[in-house]
Amino acid sequence: MRVVLLGPPGSGKGTCAKIIGEMYDVPVITTGDMLRAAVASVSPLGVTAKGYMERGELVPDDLVNDLVAERLREPDAGNGFILDGYPRSPKQAEALEKILEQTGKRLDHVLHVNLEDETIIDRLSKRRSCPKCGAIFHLDNKPPSTSERCDVCATGLVQRNDDKPEVIRRRLEVYREKTRPLLDFYEQKGAINAIRGDIDLKELPATLKRVLS
Ligand code: AMP
């Protein structure tokens with residue numbers, strides 16, 4: 001199963017990606033997480049990416065294309081993958097087409113996970129994550145049981161720098177300018193399905209299964 005998830009930041013792509021990855025036993029490739037790991041390890045890529053990420057801008061295409069191409073060459077991606085947060089620009093979509101062409105493979109699905117800006121801003125500004133194990137919480141909808149500590153590993157929760165309101169607004173603008181046009185690109189290929197990003201978590205696996213079957 002090879003799937004691309006498209007949609008604005010905070011629409012619920014990550015949640016869908018995790019469920020689909022487990023359902024079809026294929027790796028989830030999340031460029032945001034890979035770039036955050038690069039920043040945390042102060043690698044050359046991380047040093048370059050940091051400023052773009054803090055401003056809510058896209059990291060330059062060439063860097064992200066190389067990162068994804070390398071990840072897709074790993075053996076576990078041979079049977080399929082879920083791409084969460086990539087491609088995000090026309091240049092990235094072209095690069096992915098080339099990788100697929102070279103390996104003689106094609107995407108099975110492009111899934112558009114959509115949600116209104118207002119809900120996204122609320123979701124992201126109240127999102128807290130665990131810097132140690134990556135667990136995600138929401139101050140209203142999924143609050144941690146001990147104030148601002150992770151339920152899984154008790155580490156103090158943090159707010160991502162790019163989940164601050166002014167950066168969220170910029171990320172949404174960048175999505176509209178650079179990423180949204182990809183919906184037309186994939187629509188023309190006749191390969192796109194859409195779901196809302198606020199489907200009840202209990203119903204989500206069955207909905208995803210139906211949409212991807
Ligand atoms: P995300 O967690 O997907 O919202 O990504 C967080 C930030 O990482 C984005 O605002 C970008 O700065 C950067 N990023 C993630 N994926 C990409 C990508 N495919 N291309 C360029 N920048 C990316």
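Biologist: Which residues of α3 are buried?

Modeller: Keep in mind that this is a predicted model. In α3, the buried ones are Leu45, Gly46, Ala49 and Met53. They cover an arc of only 80 degrees around the axis, so they sit on the same side of α3.

Biologist: And which exposed residues are on the face turned away from that buried side?

Modeller: That face of α3 carries Pro44 and Val47, which are exposed.

Biologist: What covers the buried residues of α3?

Modeller: The cover includes α2, α4 and α7. Just after α3 you reach Gly56, which has a positive phi of about 80 degrees.

Biologist: OK, α2 next. Which of its residues are buried?

Modeller: Helix α2 runs over residues 31–40, and Thr31, Gly32, Leu35 and Ala38 are buried there. Looking down the axis of α2, those buried residues fall within an arc of 125 degrees, so they line one face of the helix.

Biologist: What covers them?

Modeller: For α2, the cover includes the strands β2 (28–30) and β3 (81–84), along with the helices α3 (44–55) and α4 (61–72). After α2 comes Val42, and its phi is positive too, near 55 degrees.

Biologist: How far apart are Asp33 and Gly85?

Modeller: Along the sequence, Asp33 and Gly85 are 52 residues apart, and in space their C-alpha atoms are 9.4 Å apart.

Biologist: Switching topic: how many residues surround the ligand?

Modeller: There are 16 of them, and the closest are Thr31, Glu57, Gly85, Gln92 and Arg171. Helix α2 supplies the largest share of that shell, with four residues.

Biologist: What classes of residue make up the shell?

Modeller: Six are nonpolar, four are polar and six are charged.

Biologist: How much of the ligand does the protein bury?

Modeller: Taken alone, the ligand exposes 480 Å², and the protein buries 95% of that.

Biologist: Now Asp162. Where is it, and is it buried or exposed?

Modeller: Asp162 is in the loop between β6 (136–138) and α7 (165–179). It counts as buried because its relative accessibility is 12%, under the 20% cut-off.

Biologist: What does the side chain of Asp162 make a polar contact with?

Modeller: The side chain of Arg160, at 2.9 Å. Leaving out residues up to four places away in sequence, Asp162 also touches Met53, Val167, Ile168 and Arg171.

Biologist: Last one: where is Ser129, and what does it touch?

Modeller: Ser129 lies in strand β5, residues 127–129. Ser129 is buried, with a relative accessible area of 12%. Not counting residues up to four places away in sequence, Ser129 touches Ala135, Ile136, Leu157, Val158 and Arg160.

Terms used. Residues are numbered from 1 along each chain as its sequence is written. This is a predicted model: local features need pLDDT of at least 70, side-chain atom pairs count only at pLDDT 80 or more; totals for chains, interfaces and linings use all residues. Side-chain values use heavy atoms; hydrogens and water are left out. Buried means under 20% relative accessible area, exposed over 50%, partly exposed in between (1.4 Å probe, protein chains only). Helices (H or I, at least four residues) and strands (E, at least two) are DSSP runs, numbered from the N terminus. The arc is that of the directions from the helix axis to the C-beta atoms. Contact means heavy atoms within 4.5 Å. A residue is near a molecule or strand if one of its heavy atoms lies within 4 Å of it. Accessible areas come from the Shrake-Rupley method with a 1.4 Å probe; for residues, only the protein chains shown count as cover. Ala, Val, Leu, Ile, Met, Phe, Trp, Tyr, Cys and Pro count as nonpolar, Asp, Glu, Lys and Arg as charged, and the others, Gly among them, as polar. A polar contact is a pair of N or O atoms within 3.5 Å; within protein, one must be able to donate a hydrogen and the other to accept it, and residues adjacent in sequence count only if both atoms are side-chain atoms.
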